Amino acid sequence: MARKVITPAQICEQRLRWVHLDFHTSELIKDVGTEFDPDEFGSTLNKARVNLITLFGKCHHGMSYYPTKTGTMHPGLKFDLLGKQIKACRKYNIATPVYVSVKVDVHMGRQNLGWVNRTKDGRPWCPSPMEAAWYNMCMNNPEYYKYVEDQAVEIMKRYDPEGIWFDMCYPAPYPGCFCQRCLERMDKEGFDRNDDAKHWDMEYRIIREYTRELAKAVRRIKPNAMLFFNSRVTPNVRNELDVLTHLEIESLPTVPGWGYLFFPFMARMCRTLNRRYVGQTARFHKSWGDFGGLKTEDQLEYEMGAILGAGAGMGIGDQLHPRGKLNKGVYEIVGATYKKLEEREPWCVGAKAIAEIAVLMLPDKPDASVEIGSPWEGMLFNDSRFGAGAMLQELKHQWNVESTEGNFDQYKVLVLPDKGACGPALRKKLSAFLLKGGSVILSHEATLDKNTGKFACPGIGAKYVKPCEFIPSFMKLDTALGKGLVQTPWAMYEESSLVKKTAGGAKSMGNVCSSYFNRDYRHFCSHFQSPPDKTLPYPVAVQKGRVIYIYGSIFKGYHLHGYHAYKTIFANALNMLLKEPLIRANAPASMEIDVLKQKGRLVVHLVNFQPQRRHGIMEYIETIYPVRDVLLHIRTAKKPSRVYLAPQEIDIPFEMAGNCAVVSVPEVRGHQMVVLE
Ligand SMILES: [Zn+2]
């Protein structure tokens, strides 16, 4: 029977329960697939309610799992495992995109060391002789490129899967690859090997070239193929959507380095784009390939809640045992999670997030694009953006992460955290945004042109004077900005700027205070920063109309130091500009609350985040302890006809207070939805 043709967008819209089934299997293992039973494979997935699974064509070891004519079939495999897996899945209507490792291929790297990326010191980007690690291939190489393309084409022709999932599409370490071919290309393009900026640009163009060619090759066979290039979901992803039919946010929150904020942050960037997006976590206790590492059901319930609350579909990563048998215990946990997800789907499919505030990703240079590297550069390493996201999340605001190229129309407030440039094009956009009644909060050096010493942000009531020499400095807040805080000089642990308020209606909010001296070998006092000294004639913050400027890098400060005072200052500034936010709640800071719109109704997701500190750096949710009686004020266009808990479908009483429906949610375990019809 012919399969119904549906588009990648439809697949992602309708199917929210995915598995990414890793199968990187050493060529030394001899009994590959010996316990594979197609009926058991398909029925295990079906019973666990999985409706899409990414299966393996070629792995990082460079081994293929089908009788390939273009690659190398795993020597321990004696039959067409991929073909049988696909057939078993189709019996249960489970979609099966196929995985192809792009840059990492141990088999080819060992045979062709000259094809491997080289770092600036001339060494191949591969393991040292004493180390187990992957070989990273240079894609500026027609021979290796062709090798990868042939495999993708072969898989598409042989099996007609939904599409191809290309992995490891990141750049070589900054400033790019120094292999012989790349050196020759630099010469040909006529730039110096020391020109890191031009080199990095070439590295990016190499990525764009091969991802476009691979996309074209797959689409020649199946125009509606699902296409995903992992590692391309970066702050610059907006400019690579031609090769991405959907966006998968790889984020294993229990892995230090990813943590619990990476997914919510990236999802809020992805949802500004015209693509469906998926939260790709894993069943592992640690990271990929953690055999015997398995999350608790409660940990996965939290992750499911955070993913659904962000408006995404869910993917759980697993790794298949070499012998080809899915692990029973793993699919009990996956199945328990996907049972809960399936019950919630009627309120999630097609839901669109509502955001009133956006964290704007300012580029380093005026009118440059944002970072083009890996997902981690500019995200995990940008403390200011992350700090802003963390505070908005904790304050229960509805927010996105927006590119300067994005559409600002839906937002009431834009946050420009700490640093970054603003060229004429953005300045014009910000002016139009303010003119329509929008508001802006910016801090420290955001939009500062260091050549002219002027802020480019229109409407700002602050004139730049100089960097504040005191790190830390102190803040003596006025009663408006310091609402909820006692009167004391509050430490500003990070860099700050000294400004004067401009004439014409600018209002200063508090004063900067110096310390005796910065701490160094010449002068120090006590264990930490020196005490506050003099009140300086420079404001902590300046408000003019709908623009609030804050002198210190409070966003970076929040991410690095977690200081509650910065959040209170930010909350007070936001309250001055956004009098009636979409939602207010008396809930713990750790609870995540998201509002989505679906079929003309509002769906409020409450996600109970209560990790325990398990060891030095790892946080983990072993058991969920419910939070009771969460009072919500939800701004609604009109009085709802009914308010109920989902998926339980239990009505709860509500009252109207002005424009808000006021409800008390009796209990939030891991994830609870409240629906306002
Ligand atoms: Zn190269």
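Domain bounds in this predicted model come from an automatic or database domain assignment. On that basis the chain is divided into domain 1 (8-246), domain 2 (355-577) and domain 3 (583-676). The centres of domain 1 and domain 3, taken over C-alpha atoms, are separated by 40 Å.

Two packed helices are described by the angle between their axes and the distance between the axes. Helix H6 spans residues 180-189 and helix H7 spans residues 196-221; their axes come within 11 Å and cross at roughly 110°. Angles of 65 to 115 degrees count as roughly perpendicular, and H6 and H7 are therefore roughly perpendicular to each other. The crossing in which H6 passes H7 is right-handed. On the H6 side, the residues that meet H7 are Cys182, Arg185, Met186 and Glu189. Their counterparts in H7 are His199, Met202, Arg205, Ile206 and Glu209. Sorted by class, this contact of H6 with H7 has four nonpolar, one polar and four charged residues. In the loop between strand S4 (163-167) and H6 lies Pro175. The peptide bond that joins Tyr174 and Pro175 is cis, with omega at about 5°.

The bond from Ile471 to Pro472 is cis, and its omega is near 0°. Pro472 is placed in the loop between strand S16 (462-467) and S17. Strand S17 (residues 473-476) runs antiparallel to strand S21 (residues 511-515), and three bridges join the two strands. Within S17 and S21, Lys476 stands opposite Asn511. Both strands belong to an open sheet of four strands, ordered S18-S17-S21-S22, in which the pairing is antiparallel. Strand S18 (490-492) and strand S22 (532-539) are the edge strands of this sheet, and each pairs on one side only. From one strand to the next, the twist averages 35°.

Helix H14 (residues 564-577) lies across S17 and S18 and runs at about 95° to S18. H14 also packs with helix H13 (residues 554-561): the axes of the two helices come within 9 Å and cross at roughly 145°. H13 passes H14 in a left-handed crossing. From H13, the contact is made by Ile554, Phe555, Gly557 and Tyr558. From H14, Tyr566, Lys567 and Phe570 take part. By class, five nonpolar, one polar and one charged residues make up the contact of H13 with H14.

A further open sheet consists of four strands in the order S25-S30-S34-S33, with antiparallel pairing. Strand S25 (583-586) and strand S33 (654-657) stand at its edges with a single partner strand each, so one side of each is left without a neighbour in the sheet. The twist in this sheet averages 25° from one strand to the next. The partner of S25 is strand S30 (residues 627-635), and the two pair in the antiparallel sense over four bridges. In this pairing, Asn586 stands opposite Leu631 in S30.

One backbone angle is also noted. Lys599 is found in the loop between strand S26 (592-598) and strand S27 (601-607). The phi of Lys599 is near 50°, which is a positive value in a residue other than glycine.

Terms used
Residues numbered from 1 in each chain as written. Predicted model: local features only at pLDDT ≥ 70, side-chain atom pairs only at ≥ 80, totals over all residues. Heavy atoms only, no water. Axes fitted to C-alpha atoms, helices over the stretch in contact; angles between N-to-C directions. Parallel < 35°, antiparallel > 145°, perpendicular 65-115°, else oblique. Left-handed = near helix turned anticlockwise from the far one by under 90°. Contact = heavy atoms within 4.5 Å. Nonpolar A, V, L, I, M, F, W, Y, C, P; charged D, E, K, R; others polar. Pairing = 2+ DSSP bridges.
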